[in-house]
Protein chains: 2
Amino acid sequence: MENALFDMDIAYRESLEKIFEYIEQKKYFRSRDELLKHNEVEIAEMLVDIRRRFDLQRMVVLFRALPKDISVDVFAELDNDDRIDIINIITDPEVKYIINELDFDDMIDVLEDLPANIVDKILDKTPKSERKLINNFLKYKEDSAGSLMTPEYINLRKNWTIEEALKHIKEVGLDSETIYTNYVLDGGRKLIGVISLRTLVVSPDNAIVSDLMHDDPVVCHVDDDQEEVSDLFTRYGYLAIPVVDNEFRLVGIVTVDDILDVIEEETTEDIERMGGVIDSANKDYLDMSVTHHVKARLPWLMLLMFSYFITGGIIDSFQEALSKVISLVIYMPMLMGTGGNSGSQSSTLVIRGMATGEIELGDVFKVIWKEIRVSIIVGLCLSFINFFRIVYLDHNPPMVALTVCISMVFIVTIAKIIGATLPMFAKKIGMDPALMAGPMMASLTDMISLTTYFIMAGLLLNI
Amino acid sequence: MENALFDMDIAYRESLEKIFEYIEQKKYFRSRDELLKHNEVEIAEMLVDIRRRFDLQRMVVLFRALPKDISVDVFAELDNDDRIDIINIITDPEVKYIINELDFDDMIDVLEDLPANIVDKILDKTPKSERKLINNFLKYKEDSAGSLMTPEYINLRKNWTIEEALKHIKEVGLDSETIYTNYVLDGGRKLIGVISLRTLVVSPDNAIVSDLMHDDPVVCHVDDDQEEVSDLFTRYGYLAIPVVDNEFRLVGIVTVDDILDVIEEETTEDIERMGGVIDSANKDYLDMSVTHHVKARLPWLMLLMFSYFITGGIIDSFQEALSKVISLVIYMPMLMGTGGNSGSQSSTLVIRGMATGEIELGDVFKVIWKEIRVSIIVGLCLSFINFFRIVYLDHNPPMVALTVCISMVFIVTIAKIIGATLPMFAKKIGMDPALMAGPMMASLTDMISLTTYFIMAGLLLNI
């Protein structure tokens, strides 16, 4: 069966190949015309592909060849790294044109990453009041609600009729980030209500805004972390959420389209941390240099390697016992591996449960109790199979089998309890729980697995 | 500094504690009044908390005590499991009322999970045409665009003026899922354009729809997987995307609020698979029974344990060599652990890169080349430190140190190449790449690490 999305992908690929060919033949006008068959999102993606295939220069040549209004839309779709690189190449008037035409929140994103002297030059001829507003926005912490929001919202008066409100929206709507949610402020700019365009459109013309507005809106604080803001969107399914300061004055709004990017960023960060990668800074894999890759990976590997010095020490201190029953070594990887896997299952479930807001710190005893019951069942099942394998397939003494099997139950249980509680402990002390899964878990459970195994061997085999 | 979100959480907790107390004292009216101080999202969350703290019966008592219109909104916010449990308890007229008042897409979600005879009973008095539409929707595959969409969209005629269009929206807007994106169809119900309410509101009254509409809209196909649909939303930042059939006829629309839930579901599935957990079916950790937890975890642990039988076999065949140089055992966990961690870093980055659409199958050689360069640098750094540790701290012979260090470089390189390419291979053969990270990776790299180590020991130590 044909698939519409699939067809779109093929069309995109074919068009991109054509553009590559034109560029190789230095037919820039033809490649521009081919680019212009697409929308701004696809043009931006193609420019990035051109940069990867050729270089920054050729990407900029094509970017400058775009009609002015389209180039602004495309610029808004690019990553900040690409934006900064383009700005460093194009002329000052071009930069000013683009910056002025951008939506306010995109403009702030760009200005944040530029050196102060270039920002001053760009804002040179900007009216003083706007420059003050921009400077205020530049002060918000990265990844805070303040850094995500835009001041381009529509505010209505509470005593207006619907007709007056709609007339106002018609006038100022083009310059606003969204017109679908509108805000009602009192004299002191305090937020007193929100009203959706839907309500306005389906209500009688002579109704009054204050009678129809929702007067206890969900808000976020300007200093809230972007992850908290995106949780609000997931929880309530709104299109926009107002941002207030300490005095409940409305300072901006965050819209759902920006939140989709935040969710992608935060998910990448979580998954990478769980996989033992630090600080890819949301750069694309292929765009990261080898040095950047090394920096993102070596620290964790180094830290974990040091933890294996301890594991080595544990083995060393049992070396004599091991040399007496060398067959114990055969089951070491299995016990360590099963311990690690058990722990990572539990930490994965708990970290995800905390991320979606289902598990709270107060649930810690419920979680431990559940893990203990699960561990005993799982541990016994695995032990049962192992016992027969060790005795009948490997032809090792039953006491060795018993050592492995009893160790298994203990290891699974301890690993699962640690796997479940360590992320909760991390959250308690203000660390990211995701750091406690994966590699961190694996090296910790390795130590515990070996110690348990050797103690059990000492007890049961008298070595 | 005070934090608005934090205050909201405290207010929620306090209110919930009050409700728990009232329920314990059997003061149901008071607990209902306390519930009604919140919005529908919070009431739904509180009902789930009540069920967890007490039981289903008490949750249903409070649900039935809600005013009818609010109970429908709350019902729409509940998980499908809770919905079905409620339906099985309340009376038929109550069920019919709720089902009829639900948005179309929520109604389909509920009906999908009910036994056929109950669905027939509910749809008993529904007009034939609507019943036919419902039955069509029930046929779409789970997790397809068809199962996410709603037919409650607004369609406009292309020759209408803006004034006529707005008048039409005012009339039918209340019954539509969204009025912010509107659709223009030809006589055969083929989609010929989309127009946003924003465009309509800011344009002159006498302009014509077909002149202002966007006539090459992004669409998805009714059979597309929900993950593909959510990628479109992330890519384009739209509020709604039209769903078409093979003849490009508009059959429904998907809205962004439903996509936020899809993203959460898909992320949970990916993260769980990477952590070696199968099929939690997006149930909450605390709501899953011990049996369900065992089912979600035992299969992977069992499968991986069998893979350790092979690892055990590898050690067994080198047993004689090991017993000669027992100190080699000390470095086994470190080499296996570092191999596993290196592999999981690479697979994490590649899986995430494929999920966000950055890495494609055609990039496989670029990826391998990057991994090789990164591996050599990382491997050499780790080996350097290890050499000194083994010789000067552990006082082992330099040849043992050399064995460990050369093995380390090979192990890191092989693990990283496998970690990066295995998920790509999985995608190529139509499997979920996320299944190839975490535990799967760890057990595979364990085997490779040990084999490399033992071969190297054989070559360098003549054992």
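A disulfide is a pair of cysteine sulfur atoms within 2.5 Å. I started my notebook with that one, then went looking for some.

**Ground rules**

This is a predicted model, so I noted that local features need pLDDT of at least 70, that side-chain atom pairs count only at pLDDT 80 or more, and that totals for chains, interfaces and linings use all residues. Residues are numbered from 1 along each chain as its sequence is written, chains are lettered from A and ligands numbered from 1 in the order in which they are written, and side-chain values use heavy atoms, with hydrogens and water left out.

**Cysteines**

I searched the whole structure and got zero disulfides over all chains. Cys381(A) comes out partly exposed at 27%, while Cys220(B) is buried at 0%.

**Domains of chain A**

I looked up the domain assignment next; such bounds come from an automatic or database assignment. For chain A it lists domain 1 (4-148), domain 2 (155-272) and domain 3 (313-461). Taken over C-alpha atoms, the centres of domain 2 and domain 3 of chain A are 49 Å apart.

**Cores**

In soluble globular proteins, nonpolar side chains tend to be buried together. Which residues have the most contacts inside the largest core? They are Leu47(A), Leu111(A), Leu47(B) and Leu111(B), in a core of 122 residues. Leaving aside neighbours within four places in sequence, Leu111(B) touches Ile99(B), Val119(B), Ile122(B), Leu123(B), Ile134(B) and Leu138(B). Another core, of 76 residues, lies apart from the largest one and includes Leu301(A), Phe454(A), Val378(B) and Ala457(B).

**How the two chains relate**

I superposed the copies by least squares on the C-alpha atoms of residues with pLDDT of at least 70 in both. A rotation of 180 degrees, with 0.0 Å of shift along its axis, puts chain A on chain B at an RMSD of 0.1 Å. That is the relation of a two-fold axis.

At the interface, 125 residues of chain A contact 125 residues of chain B. The copies meet through the same surface, because 100% of the interface residues of chain A are also interface residues in chain B. I noted a buried area of about 11500 Å² between them, with carbon and sulfur atoms giving 67%; buried area is the accessible area (1.4 Å probe) that two parts lose on being put together, summed over both.

**Salt bridges**

My rule here was a side-chain nitrogen of Lys or Arg within 4 Å of a carboxyl oxygen of Asp or Glu. I found 42 salt bridges over all chains, and eight between chain A and chain B. Arg297(A) pairs with Glu371(B), with the closest N and O atoms 2.8 Å apart. Within chain B, Asp284(B) bridges to Arg52(B) at 3.2 Å.

How exposed is the Arg32(A) and Asp33(A) pair? Arg32(A) is partly exposed at 23%, and Asp33(A) is partly exposed at 41%. Their side chains meet at 3.5 Å, N to O. In chain B, Asp33(B) and Arg32(B) also form a salt bridge at 3.5 Å.

How values were computed. A nonpolar core is a set of buried Ala, Val, Leu, Ile, Met, Phe, Trp, Tyr and Cys residues joined through side-chain atoms within 4.5 Å. Buried means under 20% relative accessible area, exposed over 50%, partly exposed in between (1.4 Å probe, protein chains only). Contact means heavy atoms within 4.5 Å.
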